[in-house]
Amino acid sequence: MLTRFVPDAVWIERSERDSPLARAVHTHYDGAVELFDGRAPLAPASVRDGKRVLVVQRHRGAFLRHCPAGTAGLVCCNYLVVNLASNCPMDCSYCFLQDYLADSPALTAYTNVEDALEEVDAVLRAHPDRSFRIGSGELSDSLALDPLTQLSRQLVPFFAARRNALLELKTKTDCVDTLLELDPGGRVVVSWSVNAAAVVARDEAGTATLAERLAAARRVQYGGYRVGFHFDPLVEFEGWEEGYGAAIEALADAVDPAAIAWISLGSLRLSPALAQAVGARAAPGYVLGAELVPGADGKARVWRGLRLRMYRVIAARLRAALGAVPLYLCMEPPAVWERVMGDVPSDRALAMRLAAGAGW
Amino acid sequence: MADSDRAVRAYAAEKRFAAATLERWLAQPAETRADLLDIAERLHLGENQFRDVLDDLLAIAARRGSAIADVLRAEELRAVLARPLGRNEAVKAVKAVLRRLRYPQLTAAERRLAALAKSLRLPTGSAVELPDNLEGEHIAITIRARSAAELRAQARGVAASLEGSAIEEMFALLDGARSC
């Protein structure tokens, strides 16, 4: 069983102490809670250092953004992200937050959730004919802090009452107890980042095991949620074919394919700064040993032929095990889509098909 | 400070290594630090070369789930170091071995592609160009000629060379549709 995250300390912004989220943290955290005014009196030296202390404060800025994976030249699924927390208590070797949050590494949960939901609501009301997929798992894990913050009690009822949006809660934990008390109304997808068990063991420190994630997926599926899976990053290592094959078999044994909203495949990619951060880790795991070469955009990826083979093999195994589940590639150009999927959707078509539960 | 670390610092000072490079060296386990010093002294590695070698060794060790010291004892590497090569040839040979160990499938694909390119028997003056690190979907064939007649003859020769199945296999390798 995954050890629930218990921070070494909790700091709450004094003016926010009566917010629902701060009150929930107070209730569910056994240790001493400190209050602060202005800036939290913490200066973690790195993203890794920032993971042990939870800061609870108001977010001053926009919550809703376009997914940063939507880069020119790549097929994009028009995903939106709502950032309700920053940093993550887990410590994956390949995590882009090591670079992305290097200047503001404190693990932070934001209190003004109602402001975030107002922002979301304004977009949904402005475009009633469009269907949106909105995720909270970009700058943090969607559920790792939920036992403390009970954030899902605010998010799930909000999205359950909306007709033109799906909320995706993306996680590597099995923290689903609170979700099981809520009615998603068909508007919430709980998704897991999944990987070969060997990669989970070596490169995803502090996360639930693959078996624990799949057991949690089974539970939420029985609780009325649709589920999603992200084989991302696919890591090339000696034995990857067997490793990912076993993960797919375990997935097929655990969940009903009819409840799967989508499955994505994404190859490991490392920016130069992220590659440096990975190389500096004491135990960089399989990620550093993959056959990565620099691409045209400066990011290192597994060389193209091997990357295409990995996609084809894994997509074929997924289809064999699960049938025609909605499947898509993340951060790949049209040429790779064409070679792997046999088709290149427009960004809009991909977004609409995923929102409607169809795929390639 | 152990004698071996003094020797590491002395080597780094002599070669004017940046502090960050020296730190990475000293962050390795004691046995690895000494092994790295051994290879650095044998090959007279400058800072950039040392950094490349260390990056490769770390990646190979991560791939194998082993220690750098184990990689340094790999038969292929020891064989190269034992050969009576000049300094530049030895550095080149060591880098080639490390690349093969770090990219076993990529280098196998490159070797197979080179063999297939050779089997095309392109006319003299024509050559196959593959993308760097096979990170691309195009194969180019360059033709050099000094006259229109020579160019036409070369083009006919190239077209004839492409009649066999080798070129199909080359594209299949680039696309990952076939592995070595």
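Okay, let's start inside: in the largest nonpolar core, which has 165 residues, the ones touching the most other members are Ile134(A), Trp192(A), Phe229(A), Phe231(A), Tyr244(A) and Leu265(A). By core I mean buried Ala, Val, Leu, Ile, Met, Phe, Trp, Tyr and Cys residues joined through side-chain atoms within 4.5 Å, with buried being under 20% relative accessible area, exposed over 50% and partly exposed in between (1.4 Å probe, protein chains only). Helix H11 of chain A, residues 304-322, gives the most to this core, nine residues. Helices here are DSSP runs of H or I with at least four residues, strands are E runs of at least two, and both are numbered from the N terminus.

Quick housekeeping: this is a predicted model, so local features need pLDDT of at least 70 and side-chain atom pairs pLDDT 80 or more, while totals for chains, interfaces and linings use all residues. Residues count from 1 along each chain as written, chains are lettered from A and ligands numbered from 1 in written order, and side-chain values use heavy atoms, without hydrogens and water.

Back to Tyr244(A). Skipping neighbours within four places in sequence, its contacts (heavy atoms within 4.5 Å) include Phe231(A), Phe237(A), Met310(A) and Ile314(A).

Next, a loop. Gly185(A) lies between strand E10 (165-171) and strand E11 (188-193) of chain A. Gly185(A) touches Ala160(A) and Arg163(A), leaving out residues up to four places away in sequence. Pro157(A) is 28 residues from Gly185(A) in sequence, and their C-alphas are 8.2 Å apart.

Now the interface. Here 22 residues of chain B are in contact with 25 of chain A. Together the two chains bury about 2,000 Å², 46% of it on carbon and sulfur atoms; that's the accessible area (1.4 Å probe) lost on being put together, summed over both.

Arg339(A) makes one with Glu137(B), closest N and O atoms 3.2 Å apart. On chain B's side, the elements giving two or more residues are helix H4 (47-64), helix H8 (104-119) and helix H10 (166-174).

Methods:
Salt bridge = Lys/Arg side-chain N within 4 Å of Asp/Glu carboxyl O.
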